[in-house]
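Please load the model in a viewer and keep the selection tool at hand.

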Amino acid sequence: MRSEDTPLIRLEDYRPSDWLIDTVDLDIALHPTKTRVRALLGMRPNPAGQPGAPLVLDGDELSLGALRLDGLLIDESAYSATPQKLTLHAPPARRFTLMIDTEIDPSANTKLMGLYRSSRVYCTQCEADGFRRISYFLDRPDVMSVYTVRLEAAKLAAPVLLSNGNLVAAGEVPGGERHFTVWHDPHPKPAYLFALVGGALDHVRQNYVTADGRSVELAVYVEPGKAGRAGWAMDCLVRCMRWDERVFGRNYDLDVFNVVAVSDFNMGAMENKGLNIFNDKYVLADPQTATDGDYASIEAIIAHEYFHNWTGNRITCRDWFQLCLKEGLTVFRDQEFSADERSRPVKRIADVRTLRTTQFSEDAGPLAHPVRPRAYKEINNFYTPTVYEKGAEVIRMLKLLIGDGAFRAGMDLYFQRCDGTAATIEDFLACFAETSGRDLAQFALWYEQSGTPTIVASGRHDAAARTYTLDLAQTTAPTPGQPDKRPVVLPVALGLVGTGGDLPLRTASPAYAGDGVIVLDQPSLSVTFSDVAEPPIPSLLRGFSAPVRLELDLADGDLLRLFAADSDPFNRWQALQTVASRALVAAGRDATKHNALVATAGELAGALGDFLRVQAPADPAFAAQVLRLPGQADIAREIGAHVDPDAIHAAHRGLSVEIGLQLGAHLLVLRDILNTQARYSPDAASAGRRALRNEALGLIALSAPDAGAGLAAAQFSSADNLTDRLAALAAMTLVPGDAREDLIARFAQTYAAEPLVLDKWLMAQALIPEAGTLDRVKALMQHPAFSLTNPNRVRSLIGGFAANLTQFNRADGEGYAFVADIVIALDRTNPQVASRLLGSFKSWRMLEPGRKVLAEAKLAMVAQTPNLSRDVADIAERTLA
Ligand code: PHE
Ligand code: ZN
């Protein structure tokens with residue numbers, strides 16, 4: 001489809017459906033290539049719709065069998081059916097039933113939307129609009145129905161048959177080879193939350209009694225033989241259920257809750273009512289096949305999908321423009337859960353890193369869009385860091401602005417008032433306006449305006465008057481379609497740090513909201529604090545209180561003092577990041593500034609030396625974050641124009657090497673101190689020790705390659721867990737030579753039967769910052785561990801390569817050519833994965849002219865390819881615009 005011919009769907013064009021579907025009775029006979037679907041829909045006219053309107057049901061690649069109205073076959077003149085649409089020209093203006101027969105081929109479904117097979121398991125993915133690939137339907141989230149689902153399949157092929165809700169019947173089909181189950185979900189839901197699973201699966205189960213007394217059977221289903229890896233997910237599930245009871249007063253509402261892991265999945269996981277389906281990467285864990293990072297992601301995603309039961313399912317979205325209503329809020333909830341389960345500051349730092357790398361870069365490029373987009377051609381392209389992560393930041397700011405009490409009361413009101421409905425951002429915000437007594441009209445701009453605001457701050461101390469005046473100004477650069485920006489509401493959490501710690505904040509300024517927060521809601525303002533005897537160092541945006549860039553001209557010395565003395569752990573971390581980032585930006589912009597890096601390294605190493613010796617052993621997870629420099633992509637974004645990836649890489653490497661050299665002995669001692677642990681345990685404290693130890697290993701490998709390679713090889717051999725093995729491999733990839741190639745080969749042998757571990761192996765190689773990497777990646781595409789049909793494999797190898805700053809952006813353009821060719825090839829089978837991969841080009845405009853021309857040419861080549869999917873055509877078009 002040519003993208004110009006694709007209709008643009010606009011928020012302002014929303015109209016309620018003319019028809020509603022109260023009940024859905026599905027009868028599905030699973031077969032690898034000929035699955036029969038019979039849908040019995042209980043229809044009625046929507047009082048809010050147009051009387052007498054035709055009934056137009058959505059379809060996608062469907063073919064219609066029989067069609068009956070109130071049990072009688074309909075005359076062919078009364079309807080028309082295409083693969084995309086089933087239209088009843090003049091349906092009766094009353095309740096009636098429609099029975100629709102379709103037949104589908106799950107084995108041929110390579111898009112992984114609708115009903116498909118993943119290593120012989122039948123499964124579904126219906127968000128956002130996949131249900132229409134199963135049956136003709138009003139496939140929109142504001143049409144909510146009560147589902148009863150009968151599933152039938154061959155007993156041997158699919159002993160497990162699951163759907164949403166509670167199991168109400170099961171039995172044998174006469175003949176002996178097939179069996180069936182019947183599921184009923186009493187909670188009305190949109191079609192995107194429908195799911196089924198059929199296959200031979202093992203499981204672990206556990207009983208759970210909710211705070212309000214409901215007994216729930218929990219189960220986690222995995223591939224046969226892998227039940228031993230399901231325990232962590234179950235543990236996470238139980239913990240997050242308790243947390244939601246305690247923190248949000250939310251109880252689970254069915255008698256069963258099933259989680260199923262499948263190996264082919266376009267996204268992370270899906271919150272289908274009572275039947276969450278997961279990418280197996282976010283379920284399976286044991287010490288030998290999952291890293292600490294995997295354990296943490298599993299915890300976060302199990303919680304995320306579970307939390308959707310209230311924020312997403314019980315209260316769903318009126319239309320897909322409201323996607324952030326469920327996603328931003330649910331990300332906020334899962335982030336809070338992880339913060340409570342682990343270290344809050346470390347979780348915040350990790351989340352801010354992700355936000356800057358993924359969302360800030362989106363906001364800074366051609367794909368920038370508001371948290372609530374106004375228009376789309378393909379909704380699947382809007383499951384973005386902006387909707388998810390920035391959407392969560394908006395909730396976090398709301399909580400900070402109105403306070404914990406009004407926030408919790410607002411959530412309670414939202415759950416009470418909107419339960420069972422398909423809601424909007426306006427419905428949501430109204431609850432908080434009510435409980436806080438605030439006017440949230442300007443705050444709502446966060447949902448409408450794209451782009452990352454910049455706060456420019458400066459301060460003046462008046463010794464005679466004993467005052468300190470802080471000047472704050474905000475600007476937001478234009479983004480596509482939004483040339484003029486308005487000021488947003490920015491909560492700036494702050495402290496004034498004096499020699500003895502935080503000074504008391506005394507001011508009569510109306511912008512000061514108390515509790516250390518200034519609200520900047522105008523283009524600029526000044527706040528004067530009194531009784532300030534000494535010149536303080538401002539510590540602004542504590543805890544990253546707003547998703548913005550901050551420009552504050554502090555001397556390195558002041559930043560180093562903040563690192564040593566700030567009471568806010570986030571800003572301690574940020575202080576060193578800022579010192580490093582400024583030097584990297586200067587050297588990345590102008591290679592003659594490279595020498596200045598040595599001085600910066602000296603400052604950083606000076607601060608780090610004491611810190612590593614004295615404080616790091618007490619909080620290794622935090623220390624690991626401190627030791628890690630800002631990412632290269634973040635430096636590129638800060639530079640913003642005429643970006644030379646090689647110069648950035650050289651600066652980054654140069655600074656790391658210099659820090660490593662200066663810290664030398666400290667790093668070795670630190671590794672020894674942290675090496676006293678017993679057997680592997682995935683808890684946050686143990687994970688923190690490994691993180692710091694491995695961060696040190698990386699610096700050693702860069703600054704003392706021989707010593708680093710030796711340590712890495714030894715660690716690989718002696719480790720009892722994947723975290724340390726993978727860190728050894730990653731460190732070794734920094735050191736070219738035979739030892740590296742040996743370790744790469746050993747790793748592949750060790751994990752030959754573990755696709756998810758080999759994904760990490762593929763990615764580690766794809767990220768090597770050397771000219772040989774492109775050929776290596778091409779060769780790896782022929783490796784048995786790789787497959788273009790499995791999204792995890794593609795994301796690891798090809799996605800990893802596209803995230804390799806210097807090699808994707810090779811000066812000869814071969815990196816762009818390679819990725820563009822794969823996008824085109826992949827688009828024929830899996831448009832969603834292809835369009836995400838094409839997103840790697842989003843920063844092309846900030847490159848230096850040579851690379852820019854080459855990247856643009858490849859984008860244009862993609863855009864001009866005939867028969868592109870809507871997904872890829874949309875991204876190509878917007879990226880080039
Ligand atoms: N709704 C899922 C989540 O965030 C993500 C998803 C979207 C999965 C679309 C599949 C398809 O929890
Ligand atoms: Zn979600």
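**Conventions**

This is a predicted model, in which local features need pLDDT of at least 70 and side-chain atom pairs count only at pLDDT 80 or more, while totals for chains, interfaces and linings use all residues. Residues are numbered from 1 along each chain as its sequence is written, chains are lettered from A and ligands numbered from 1 in the order in which they are written, and side-chain values use heavy atoms, with hydrogens and water left out.

**Stop 1: the zinc ion**

Select ligand 2, the zinc ion, together with His304, His308 and Glu327. The coordinating atoms are NE2 of His304, NE2 of His308 and OE of Glu327, at 1.9 to 2.1 Å. Donors here are N, O and S atoms within 2.8 Å of the metal (3.2 Å for Na, K and Ca); water is not among the atoms, so sites may look incomplete. Along the chain, the donors of the zinc ion follow the spacing H-x3-H-x18-E. Histidine 308 sits in the loop between helix H2 (292–307) and strand E22 (316–317), whereas glutamate 327 belongs to helix H3 (residues 323–341); the pair, 19 residues apart, links distant parts of the chain. Helices (H or I, at least four residues) and strands (E, at least two) are DSSP runs, numbered from the N terminus. Histidine 308 and glutamate 327 are both buried. Buried means under 20% relative accessible area, exposed over 50%, and partly exposed in between (1.4 Å probe, protein chains only).

**Stop 2: ligand 1**

Which residues are closest to ligand 1? Of the 13 residues that surround ligand 1, the closest are Glu127, Glu271, Glu305, Glu327 and Tyr388; a residue is taken as near if one of its heavy atoms lies within 4 Å. By class, this shell has five nonpolar, three polar and five charged residues. In this scheme Ala, Val, Leu, Ile, Met, Phe, Trp, Tyr, Cys and Pro count as nonpolar, Asp, Glu, Lys and Arg as charged, and the others, Gly among them, as polar. Strand E20 (269–270), H2 and H3 each supply at least two residues of the shell.

Now display distances to the side chains. An N or O atom in the side chain of glutamate 127 is 2.6 Å from a nitrogen atom of ligand 1. Glutamate 327, also a zinc donor, places a polar side-chain atom 3.1 Å from a nitrogen atom of ligand 1. For histidine 308, a polar side-chain atom lies 3.4 Å from an oxygen atom of ligand 1. Ligand 1 taken alone exposes 320 Å², and the protein buries 96% of that; these accessible areas come from the Shrake-Rupley method with a 1.4 Å probe.

**Stop 3: the eight-stranded sheet**

Colour the strands of the open sheet in the order E6-E5-E9-E3-E2-E12-E15-E14, in which the pairing is mixed. Two strands pair if DSSP finds at least two bridges between them. Strand E6 (72–73) and strand E14 (166–172) stand at the edges with a single partner strand each, so one side of each is left without a neighbour in the sheet. Strand E12 (residues 145–154) and strand E15 (residues 178–189) run antiparallel and are joined by nine bridges. Select valine 149 to find tryptophan 183 in E15 opposite.

**Stop 4**

**Stop 5: the five-stranded sheet**

Next, select the open mixed sheet of five strands, ordered E17-E18-E19-E21-E20. Its edge strands, E17 (202–209) and E20, each pair on one side only.

**Stop 6: two polar side chains**

Finally, select threonine 454, in strand E25 (residues 454–462). Its side chain and that of arginine 549 form a polar contact of 2.9 Å. A polar contact is a pair of N or O atoms within 3.5 Å; within protein, one must be able to donate a hydrogen and the other to accept it, and residues adjacent in sequence count only if both atoms are side-chain atoms. Asparagine 46 lies in the loop between strand E3 (35–45) and strand E4 (55–58), and its side chain reaches the backbone oxygen of serine 17 at 2.8 Å.
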